[in-house]
Amino acid sequence: MKETIADRIVGAAIYILLTLILLAVLYPLVFVVSASISDPLSVSKGEMWLFPKDLSFIGYERIFSNPEIWTGYINTIVYTLVGTFLNLVMTIMAAYPLSRKDFSGRHVMTAYIVFTMFFSGGLIPTYLLVKNLGMINTMWALIIPGAVSVWNIIIMRTFFQTSIPNEIQESASIDGCSNLQTLWKIVIPLSMPVIAVMILFYGVGHWNAYFNGLIYLNDRDKYPLQLFLREILIKSEVDNMAGSMDLSVQNHLMETEAIKYAIVIVANLPILMLYPFLQKYFTKGFMVGAIKG
């Protein structure tokens, strides 16, 4: 089919629009990277627009010399790995039975689970429950209360129902596979797209979480990284409100600005490195799991 002039105009307009969107998304990322390795004074004066100016690594030096940042980094990695693994296991174990046609009462159970997505007990009952279970000031207080997401159960259940033929599971049953063997040997290997989506969703959620740590943790050596970053930002705001013109205070404020940008890079680098390895699964798993059914 021959392309008309109108088609070319529309195509050009779409490419221009997508280019503008791309630039709007990329500019803040490039700016933060450049600001993290530029002289803080140049950044605060607005002299740096895109590329680094007057290279300075003072922000990274302050971060890597702070033992609490490393403590928070290690804690966050542990919380993210353990939490994501538990989330994945719980989500699969909940979604698979709900996707089976031979599971009696699955619609009632699904409705019961979905109800909890819209109505919860609130913060105070949740805190009392965590306290009575003896999880205060432990890493389990950050993991167990959010061990499963109802929305992710629905996505994974829909994927199982629409993407894995029931005939395959029946064949496995005829060959003598139990339900767990069918899940482990057949369903999970065929579900890597949606599993990759779950890893991203849960992993990013754990990596960025700070509120539960603020509520349930008392010892600083158990703080996640995000709590230390929060303290740095709050301290910076207090210093800015002080408004002192002392030279040492000004230098401190400049260093704080450099630390802010450097922390954004350091804190998000693991997630940015994870995404390319899961990208090929991400779109397929999300679209199939969320739209079909």
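# Pockets, salt bridges and helices of a predicted model

Q: How many nonpolar, polar and charged residues are in the lining of the largest pocket?
A: On a 1 Å grid over the protein atoms alone, a pocket is an open set of points with protein on both sides within 12 Å along at least five of seven lines, and lining residues have an atom within 4 Å of a point. Ala, Val, Leu, Ile, Met, Phe, Trp, Tyr, Cys and Pro count as nonpolar, Asp, Glu, Lys and Arg as charged, and the others, Gly among them, as polar. On that basis, the lining of the largest pocket comes to 21 nonpolar, twelve polar and no charged residues.

Q: What kind of model is this?
A: Residues are numbered from 1 along each chain as its sequence is written, and side-chain values use heavy atoms, with hydrogens and water left out. Local features need pLDDT of at least 70 and side-chain atom pairs count only at pLDDT 80 or more, while totals for chains, interfaces and linings use all residues, the model being predicted.

Q: How many helices does the chain have?
A: Helices (H or I, at least four residues) and strands (E, at least two) are DSSP runs, numbered from the N terminus. Zero strands occur in the chain, and its pattern along the sequence is α-α-α-α-α-α-α-α-α-α-α-α-α-α. The number of helices is 14.

Q: Which helix supplies the largest share of the lining of the largest pocket?
A: This pocket holds about 850 Å³ of space, a volume being the space filled by probe spheres set on grid points that are joined across faces, edges and corners. Of its 33 lining residues, Ile 144, Pro 145, Gly 146, Ala 147 and Val 148 lie nearest the centre. Helices giving at least two residues each include H4 (67-99), H5 (106-118), H8 (150-163) and H11 (192-208). The largest share, four residues, comes from H6.

Q: Which helix gives the most to the lining of the second largest pocket?
A: About 270 Å³ of space lies in the second largest pocket, and its lining divides into nine nonpolar, three polar and no charged residues. Among the lining residues are Ile 77, Phe 85, Trp 207 and Leu 274. At least two residues come from each of H4, H11 and H14 (247-291). With six residues, the helix that gives the most is H4.

Q: Which helix gives the most to the lining of the largest cavity?
A: A cavity is a set of grid points where a 1.4 Å probe fits but cannot get out, and the structure holds one cavity of 30 Å³ or more. Its lining is formed by Ile 63, Phe 64, Ile 69, Trp 70, Tyr 73 and Val 266, a set with six nonpolar, no polar and no charged residues. The most, three residues, comes from H4.

Q: How many residues apart in sequence are the parts that the pair of Glu 68 and Arg 220 ties together?
A: A salt bridge places a side-chain nitrogen of Lys or Arg within 4 Å of a carboxyl oxygen of Asp or Glu, and Glu 68 and Arg 220 form one at 2.9 Å, N to O. Glu 68 lies in H4 and Arg 220 in the loop between H12 and H13 (225-242), so the separation of the parts they tie together is 152 residues.

Q: How far apart are the closest N and O atoms of Lys 222 and Asp 219?
A: Two salt bridges are present in the structure, and one of them joins Lys 222 to Asp 219. The closest N and O atoms of that pair are separated by 3.9 Å.

Q: Is Gln 226 buried or exposed?
A: Buried means under 20% relative accessible area, exposed over 50% and partly exposed in between (1.4 Å probe, protein chains only). Gln 226 lies in H13, and its side chain reaches the backbone oxygen of Trp 207 at 3.0 Å. Leaving aside residues up to four places away in sequence, it is in contact (heavy atoms within 4.5 Å) with Thr 76, Trp 207, Asn 208, Ala 209 and Tyr 210. Because its relative accessibility is 14%, Gln 226 counts as buried.

Note on methods
Polar contact = N/O pair within 3.5 Å; in protein donor to acceptor, adjacent residues only side chain to side chain.
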